[in-house]
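Biologist: Please take a close look at one part of this model for me: the aromatic rings. Which rings pair up, and how do they sit?

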Amino acid sequence: MAKKVTRKVKRTAAKSKKTKAVKLSRAKKSGKIASQTANPPVQLHPLYAQAVQNYEAALKAMQHHKFDKAVVLLEKILAVPGIELADRARIYLQQCKQQMAKSSTSFKTTEEHFDFAIALMNSGDFETARTHLEKLAKQNPKAGFVHYGLAALHALQSRAEDAMRYLDHAIKLDTAHRYHARNDTDFHKLSEDPRFTELIYPEPGPELVAQAPAPTSSRKR
């Protein structure tokens, strides 16, 4: 009887160990599956690594003022569809182009510089155009056509206060700009603003009886 009892105990212990091993194995598998479900692998764009290298190289080039090299690298990043670095690359690209425009462009006359700024404005590069026009305004504070150009620029960007401030100054320097602004589509967004209407259609007075001549330099180039 003692032998039988002993064998029964041994079988029970072995069965218990086997049961624990099965539960432990199941728990490991369950934990592995849960882990995979909770943390799915991050899917990276196949060209992401190259884009990161280009981004780092572009920043280094900008630090050394090699903006032309940085532009090439940043444009490569933007050529990759859906890349995470696109927004930052686009901002740096714009900054590089601004720096290149400041440093590499020389002009013989104020009018030539003004024409260049207007060309930038017409192409939609408002920020670089504003940089050039503001520089011109500081260098030529009495050049009414420069202030008129700044007024048109701010009007296009829906900055009514700045637009009318520059336009008012341009008109004071040369009343011809008042008449030019009446038919200038750049001021279309201000057409419903009574302050703009008052500025270009003031109360009749002795000084407004005669029509002013056309401006020497206009917004449209």
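Modeller: Here is a walk through the aromatic rings, pair by pair. Keep in mind that this is a predicted model. The structure holds 5 aromatic pairs. Two of them get a close look here.

Start with Y55 and Y92. Their ring centres are 6.2 Å apart, and their planes meet at 55 degrees. Planes under 30 degrees apart count as stacked and those over 60 as edge-to-face. Where do the two residues lie? Y55 is in helix α2, which covers residues 48-63. Y92 is in helix α4, residues 86-104. The pair therefore ties together parts that are 37 residues apart in sequence. What about burial? Buried means under 20% relative accessible area. Y55 has 10% relative accessibility, so Y55 counts as buried. Y92 has 26%, so Y92 counts as partly exposed.

Now turn to F187 and F196. Their ring centres are 5.6 Å apart. Their planes are at 20 degrees, so this pair is stacked. F187 counts as buried, at 1% relative accessibility. F196 is buried too, with a relative accessible area of 5%.

R165 lies over the face of Y166. The distance from R165 to the ring centre is 4.7 Å.

Terms used:
Residues numbered from 1 in each chain as written. Predicted model: local features only at pLDDT ≥ 70, side-chain atom pairs only at ≥ 80, totals over all residues. Heavy atoms only, no water. Phe/Tyr/Trp six-rings, centres within 6.5 Å; stacked < 30°, edge-to-face > 60°. Helix = DSSP H or I, 4+ residues; strand = E, 2+ residues; numbered from the N terminus. Buried < 20%, exposed > 50% of the residue type's maximum accessible area, 1.4 Å probe, protein only. Lys NZ or Arg CZ within 6 Å of the ring centre and 35° of its normal.
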